[in-house]
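Hello,

Here is the structure I promised to pass on to you. Could you have a look at it before reading my notes below?

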Amino acid sequence: MKKQILLLFLLLSVLFGNTQPGQLTLKLERIDPITSKPQFVTEQVAGNKTAIIVMDMWDKHWCKSWTARDIAMIPQINRVLAEARRRGVQVIFSPSVVADFYKDYPQRKAVTNLPEYREFIYPSVEELQDLEDKRQLDTKKYTRKYFAGTIYEARDFPGATYKGYPPFPPFAKTGGCECAERDCKEATVWTRQNKDVLIEAGDLITEGNNRSELVRICKARGFTHLLYMGGAGNMCLTVSRENSTMNMMNRGLKCVYLEDLMISISGRGFNPDTKMNDPGFTPEKGDSLVLVHLKKYVAPAAKTYEVFPDAQDEVMRYVPKGPADCFRQICFDINEKEVYPDSILNTFFSAQDPVAYAAFCKKINLDAALLLAVPQAGYATYRKTIVNTPYPGMKGDFFGETLQELHKLGISGFGYIGIGWIMKYAKEHPEYAEHTEGDKAHPLICLNSPYRERVMEASREILKNYPIDGLRYDILDQPSSCRCDGCKNLYREMFHEAMPAEWLDWQHREKFRIESIRQIVKDLYAVCKSIKPTVPVWQNWFSGQDAADISDANFVDMSYIEFADPFRELLLNGVFQKRGIITGRVIENQKMAWECLALGGRCYSYFASVGKTGLPDSDTSFDRIVPVDWFEKELAPFYAQVKMVEPYLANTSPVTNISILYSESTRYHYDQYNRDDYMNILRGITEPILQSGNPVRFISNVNFSSTSLDGFKAIIIPESSGFSEDQLAIIKGYVQKGGQILVTGDALCYTADGHRLPDFALQDLMGVSLKPAPELIKQAGIIPVDTLIQATALEVIRNGRLPAKLYTSDRPFTAVTIKKGQTISFITNPAGEQQPLVQVNKIGKGAVYYLASSNMPELTAAVLNHAGVTSPVKNNNGTGFAILTRKNDAPEWILHLVSKGQYSLVINKKFCPATKISATYPADLKNIDVQYGKDSIRINVSTGNTYSTIVLR
């Protein structure tokens with residue numbers, strides 16, 4: 001009797017639904033099959049109109065590795081299903097082939113006892129898609145080809161062979177064993193669904209190969225949406241089961257992949273589709289390729305943590321406080337300066353005390369600590385790892401326990417993974433490592449070797465198991481000597497030929513180096529975001545000083561410079577467009593620290609620590625030794641001061657009316673693709689403008705099209721090249737509307753890959769044209785003396801000096817001929833001939849200035865004066881240095897006085913229409929004389945502090 005009552009209850013559940021329906025928000029992603037660009041749409045659907053299909057979560061698979069990956073999903077699957085049930089979503093298990101195991105379960109009987117439903121007879125997906133076999137179809141036996149409104153609509157049978165369906169997913173016919181040895185034998189080994197997948201009352205169990213069961217359920221309950229999880233994405237979920245997405249879409253149902261709880265089947269160290277060995281190929285890479293295909297050709301995907309946010313475990317529920325919100329960071333660095341013997345390594349973290357560690361961080365006023373999860377020794381400081389080996393003598397789980405204690409005290413904890421200089425792996429796999437002569441402590445490891453997957457897996461382990469607030473990678477470079485299979489595959493992909501034993505030339509070497517770095521940066525970012533998108537990710541050696549191409553700035557969440565530098569901070573803030581920048585080694589130079597903080601910096605430095613505790617003490621052996629009491633006597637008071645002024649630093653932007661266009665492509669016409677000359681030009685122009693009170697805004701060609709140019713009175717293009725036609729059109733439009741462009745030297749003279757153009761890319765706007773053989777003429781333009789340029793660029797700006805009519809200089813210039821416009825200045829060449837140095841051409845409401853030299857920053861300053869471009873803040877006294885920033889979310893402006901001295905400031909009210917002072921730092925800042933005029937605000941103040949602020953509203 002009890003069984004009959006339970007069965008009746010389940011039948012009623014099928015017909016009338018589960019309890020308390022809720023609303024689901026589906027953030028769906030498709031990929032345009034033509035442009036390959038992602039497309040996003042948000043859809044609201046009632047929980048009681050939705051079912052989750054759990055596909056083929058068998059007890060075992062014939063591949064041991066695939067079975068392990070399948071099992072790893074189960075805890076999160078159970079959490080998601082529990083939340084789905086609470087939201088009124090129907091849970092339907094679809095264990096193909098083994099449904100008979102559950103024949104006596106009420107959840108199975110509730111399905112088999114459903115009333116019959118007249119199902120249309122369709123061709124199966126495999127029948128229609130099997131283009132390789134050119135299968136002939138007898139269309140007369142089918143009562144319907146497709147359901148109106150599906151992806152199949154408006155496609156037809158050409159003859160008897162159908163060719164309109166999307167192609168099979170990757171590895172759908174070739175995927176096999178995912179073990180490195182590829183020695184698992186294919187067989188039917190599954191007997192039931194994995195017993196750890198929890199089946200609850202009210203759930204349903206279908207046979208995945210039954211043509212009508214799932215359709216009958218959907219018709220009885222009025223389901224409109226099916227959410228799919230389980231495996232395999234490229235087989236059972238999509239094509240090879242009657243319950244698959246494509247078959248259900250053919251019946252008019254909307255199907256969605258829950259992408260973070262599904263896996264596909266492919267290979268490891270071997271690409272099944274190409275049948276080529278590839279050490280960098282992993283099951284996770286296969287999953288990614290399949291998912292892209294499915295989003296393009298089959299159905300949209302969503303993430304479970306967005307659909308069911310309450311289903312996440314503690315780690316996934318944790319909301320990180322990333323580096324953009326932390327102004328007082330530090331790292332107690334245990335990276336080794338030398339190769340230590342085992343006797344020393346075995347003591348590392350043997351006396352670690354997480355409570356003491358966190359208390360010390362609190363004592364010195366930190367709000368964030370960088371914890372080295374995989375330091376240069378190559379051992380791990382965390383225990384929950386399969387891919388790494390914890391330090392042999394480590395007590396407990398240093399990383400996890402310390403992170404927990406930091407969070408208790410309100411301190412963020414960032415993870416760190418070394419990429420290069422990992423000594424343990426280099427010693428175990430010398431074939432992938434390259435040492436600088438005589439340097440055993442800093443081996444570069446090939447980014448295309450199997451080591452690549454180790455870094456990926458370490459990232460997954462940390463993100464899945466620890467509630468970190470951010471993740472940083474270190475030492476980003478590719479050795480030149482490696483010829484592993486991964487290198488050979490990438491080389492062939494890039495150059496369409498076999499990789500030679502020796503480099504053909506430096507161009508091939510450097511292009512390969514840059515591409516190797518680019519791929520691991522992108523793939524690491526994708527891996528991290530697939531696990532927990534809210535955790536910020538950033539890279540060291542990714543600041544325009546090293547080999548990495550920083551046009552890949554969209555594949556990090558934060559910019560970082562290891563050595564404090566206001567110019568480079570402005571550059572990276574503009575190129576990366578992130579919320580601030582981590583500014584390294586700034587603590588030791590507090591004058592520079594305040595300047596960097598005002599420009600958007602976040603204080604960071606790293607100091608030696610001893611291996612036993614992870615904290616600094618008198619036994620520390622490192623290249624940056626400071627007394628132990630320095631942290632409490634020097635750092636703690638400084639960080640206490642930073643904490644007090646954080647409200648004036650957070651969520652602000654520097655005020656400027658000048659932009660500099662930066663293009664990473666410019667490097668590709670320099671020898672060895674070295675940016676040093678380009679950077680020196682940018683620095684020479686930027687620093688005096690900044691010192692005059694105008695913190696220029698850099699805009700990268702990567703983000704140029706999406707960046708508003710409103711508010712900039714002038715845009716400088718110094719040597720920068722490689723802009724697209726669309727970007728050049730934006731520049732033209734800016735000038736037509738009244739903007740002013742300053743083009744200097746060889747700017748706009750090269751393509752994105754470094755080839756010389758016959759003339760300027762904006763030749764129709766410019767009043768000059770390149771002379772023949774420009775490089776030779778440019779070299780011939782060197783004069784032994786500098787006769788007319790006597791003032792520095794800063795003096796030129798402050799004194800409002802205009803360009804002279806004639807210059808002679810020992811600095812190089814580009815030879816041009818006059819086409820139209822006005823010549824403002826000439827330069828005398830070695831033959832005594834006058835060449836145009838500054839030419840202006842009026843276009844629409846604006847003007848294009850051409851400066852023949854990029855190496856004369858005082859000339860750039862004089863031309864800005866000629867164009868009427870003045871600083872938002874001018875200090876008539878000339879001894880102090882002030883920066884004006886504005887709050888992004890309030891009508892408030894912050895005047896940062898970043899040095900001691902007397903200030904006599906004039907603020908242009910176009911940039912700061914304030915009417916009162918609302919606060920100061922220090923609060924008792926005295927003797928402030930303020931006069932509010934029609935066009936300006938005049939402030940006279942004297943301060944003996946290294947940093948003061950005046951807040952205007």
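What follows is a short tour, from the whole chain down to single side chains.

A word on the ground rules: this is a predicted model, in which local features need pLDDT of at least 70 and side-chain atom pairs count only at pLDDT 80 or more, while totals for chains, interfaces and linings use all residues. Residues are numbered from 1 along each chain as its sequence is written, and side-chain values use heavy atoms, with hydrogens and water left out.

The protein chain has 25 helices and 40 strands (DSSP runs numbered from the N terminus: H or I of at least four residues for helices, E of at least two for strands). Of its 953 residues, 59% count as buried, meaning under 20% relative accessible area with a 1.4 Å probe, protein chains only; over 50% is exposed and in between is partly exposed. Among contacts with a separation of 6 or more, 71% come from residues 24 or more positions apart (contact: heavy atoms within 4.5 Å).

Now to some strands, which pair if DSSP finds at least two bridges between them. Strand β30 (residues 822-828) pairs with β28 (residues 806-807) in the parallel sense over two bridges, and L806 stands opposite F826 there. With β31 (residues 834-843), β30 pairs in the antiparallel sense over six bridges; here T828 has Q834 as its bridge partner.

The aromatic side chains are worth a look too. A search of the whole structure finds 39 aromatic pairs (rings of Phe, Tyr and Trp, the last by its six-membered ring, with centres within 6.5 Å; planes under 30 degrees apart are stacked, over 60 edge-to-face, the rest tilted). The rings of Y357 and F398 have centres 5.6 Å apart and planes at 75 degrees, so this pair is edge-to-face. It links distant parts of the chain, with Y357 in helix α12 (residues 354-363) and F398 in helix α13 (residues 398-408), 41 residues apart. Both Y357 and F398 are buried. For Y425 and Y451, the centres lie 4.7 Å apart and the planes are at 45 degrees, so that pair is tilted. Y425 belongs to helix α14 (residues 423-428) and Y451 to helix α15 (residues 451-465), 26 residues apart; Y425 and Y451 are buried. Ring pairs also link a cluster that includes F332, Y357, F398 and W630.

Finally, the charged end of K384 sits over the ring of Y466, 5.5 Å from its centre, and R483 lies over the face of W503 at 4.6 Å from the ring centre (NZ of Lys or CZ of Arg within 6 Å of the ring centre and within 35 degrees of the ring normal).

Best wishes
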